[in-house]
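My entries follow in the order I looked things up.

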Amino acid sequence: MLVFGGTGDLALHKLLPALYHLHRDRRLPADMRILALARKPLDADAYRTLAERHCRANVPRANLDASTWQAFAERIDYFAMDASQSADYGRLARHLGNACQRGRVYYLATAPGLFEDIAAHLANAGLAGSNTRIVLEKPIGHSLESALAINQAIGRVFQESQIFRIDHYLGKETVQNLMALRFANALFEPVWRSGHIDHVQISVCETLGVENRGGYYDKAGAMRDMLQNHLLQLLCLVAMEAPVRFDAEAVRNEKVKILEALKPIAGFDVKDRTVRGQYAAGKIGGQEVPAYYFEKNVDSDSDTETFVAVHAEIDNWRWAGVPFYLRTGKRMAKKSSEIVIQFKPVPHRLFQDGQANGLLISLQPEESISLQLMAKSPGKGMHLAPVELDLNLAHAFRQKRRWDAYERLLLDVIEGDSTLFMRRDEVEAAWRWVDPIIGGWHAYYQRPRPYPAGSWGPEQAHSLLEQQGHAWHR
Ligand code: BG6
């Protein structure tokens, strides 16, 4: 596995710890090597020291013992090169030597601006044969046009079956459980539709700010960084029809149909159906944190959104008229990623109190699924109260260790299974829906509304639901 961007945050914080865990669990092929590539003039030992420091910070102490680390470190090598320079690929080919004949994965943990160059240079250096795979990190481009250009350039060098567009949300255990819940239980299917479901909420709230990623984030914003990919992927899994088989083509065929059925939001609708926000100074966990525009590498007059909420709709038979509320933001009151399926109330009310049923699928911080039902409170009279049928996945399966999404997905790449990766047409369909929203913000000067760090986003995000008689789940 060759990791471009080997000294970057993603490689050091996510990929190497995930590979370490896979190594520790003996999931990696015994002879697999990891070659980190970056511009820094390091030798292999210096890189291993850097990798160890980051793994120690990201792997629970009990899982990192000296001898396992030593054996893992022997898999790691480093090669200093400039990924934008074609001449460096000749040097890389010579460095690989006979290893060129082996199966290879290129992991592009770099800015998307480099994807096209890297693919072309790999091809020119004879390094892109049929025994190779390429992994692209999201976001793929920053608009439909740039995504088309990237997909075309990569497609000239690699077959679609060799391309793995990663969205780490698809590697999360509960996200896959959503498919199990829907398609392995007969219970939900008859009510999983507009006649029974009132609305759906998909909410990914973080307490973190932009950390060291201001340079990238200020050009992306919450829409491109999170909603275009992670939230739309979750929406697809909630809304798609049952695939005929659980394989890459069948699953992705169904997901793309949902993306294509998303009702366009353009022109004046953008103002009515979307809310942008940007965090102002505030408190997170009792600590003062600065406003977004004071963050490192962020423009002091930035109009990038760190929060976005959208009232989406899916124009198809199953979902016509059901609001899908999507919301994501940084520096929010609590880290929580969840999907709420809010059912309609009973058609005829017998009891005074009562609430409609809700299914809560929590991805973070806990992975759990719970169904809210109404029950009678003990004692005299018919007083009802909500109770929860809880499926705590960690308890149910007495897991020793929770797999990180990257572990699962890296293993899938190594094994060549692209079911949980985005196909070219999915990425393009997502941009086709997102682009007019971003265009509308600029056309109507819809600047992000400030919200205090540590809050639940701008007031307008609450009005977005209140207009429809709904409220965000807390
Ligand atoms: C990444 C985004 O894809 O997902 C980050 O680029 C974000 O901005 C992260 O913080 C959230 O992932 P998770 O798994 O912590 O919810």
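Which helix gives the largest share of the shell around the ligand? I looked this up at the start, keeping in mind that the model is predicted. The answer is helix H8, residues 214-239, with three residues.

**Ligand site**

I listed the residues around the ligand next. They are Lys138, His168, Tyr169, Lys172, Glu206, Arg213, Asp225, Met226, His230, Lys330, Lys335 and Gln364. By class, I get seven charged, three polar and two nonpolar residues in the shell.

Then I checked polar distances to oxygen atoms of the ligand. For Glu206, a side-chain N or O atom is 2.5 Å from a ligand oxygen. For His168, a polar side-chain atom lies 2.7 Å from an oxygen of the ligand. For Asp225, the distance between a side-chain N or O atom and a ligand oxygen is 2.6 Å. I also looked up the cover: on its own the ligand has 400 Å² of accessible area, and the protein covers 82% of it.

**Cis peptides**

I went through the peptide bonds at two prolines. The bond joining Lys138 and Pro139 is cis, with omega about -5 degrees. Pro139 sits in the loop between E5 and H6. Lys138 is also one of the residues around the ligand.

The bond from Gln364 to Pro365 is cis as well, with omega near 0 degrees. I place Pro365 in the loop between strand E14 (358-364) and strand E15 (368-376). Gln364 is again among the residues around the ligand.

**Core**

How many residues does the largest nonpolar core have? I find 143. Those with the most contacts inside this core are Phe4, Leu92, Phe324, Ile341, Leu359 and Trp433. H8 gives the most to this core, with 13 residues.

Setting aside residues up to four places away in sequence, Ile341 touches Trp192, Ile197, His199, Val200, Val238, Asn357, Gly358, Leu359 and Ile361.

**Helix H5**

I noted the buried residues of H5 (115-124): Phe115, Ile118, Ala119, His121 and Leu122. What covers them? The cover includes strand E1 (2-4), helix H4 (87-96), strand E4 (104-108), strand E5 (132-137) and helix H6 (144-157). Just after H5, I see Gly126 with a positive phi of about 70 degrees.

His23 lies in helix H1, residues 9-24. Is His23 buried or exposed? His23 counts as buried because its relative accessibility is 12%, and the cut-off for buried is under 20%. Its side chain makes a polar contact of 2.9 Å with the side chain of Arg75. Beyond neighbours within four places in sequence, I find His23 in contact with Leu28, Thr68, Ala71, Phe72 and Arg75.

His462 is in helix H14, residues 459-466. His462 is buried too, at 16% relative accessible area. With neighbours within four places left aside, its contacts are Trp456, Gly457, Trp472 and Arg474.

**Positive phi outside glycine**

I ended with two arginines. Arg26 has a positive phi near 55 degrees. Arg26 lies in the loop between H1 and strand E2 (34-38). I log Arg26 as exposed, at 77% relative accessibility.

Arg331 also has a positive phi near 55 degrees. Its loop runs between strand E12 (324-329) and strand E13 (336-343). Arg331 counts as buried, at 11% relative accessibility.

Definitions and conventions. Residues are numbered from 1 along each chain as its sequence is written. This is a predicted model: local features need pLDDT of at least 70, side-chain atom pairs count only at pLDDT 80 or more; totals for chains, interfaces and linings use all residues. Side-chain values use heavy atoms; hydrogens and water are left out. A residue is near a molecule or strand if one of its heavy atoms lies within 4 Å of it. A polar contact is a pair of N or O atoms within 3.5 Å; within protein, one must be able to donate a hydrogen and the other to accept it, and residues adjacent in sequence count only if both atoms are side-chain atoms. Accessible areas come from the Shrake-Rupley method with a 1.4 Å probe; for residues, only the protein chains shown count as cover. Helices (H or I, at least four residues) and strands (E, at least two) are DSSP runs, numbered from the N terminus. Ala, Val, Leu, Ile, Met, Phe, Trp, Tyr, Cys and Pro count as nonpolar, Asp, Glu, Lys and Arg as charged, and the others, Gly among them, as polar. A nonpolar core is a set of buried Ala, Val, Leu, Ile, Met, Phe, Trp, Tyr and Cys residues joined through side-chain atoms within 4.5 Å. Buried means under 20% relative accessible area, exposed over 50%, partly exposed in between (1.4 Å probe, protein chains only). Contact means heavy atoms within 4.5 Å.
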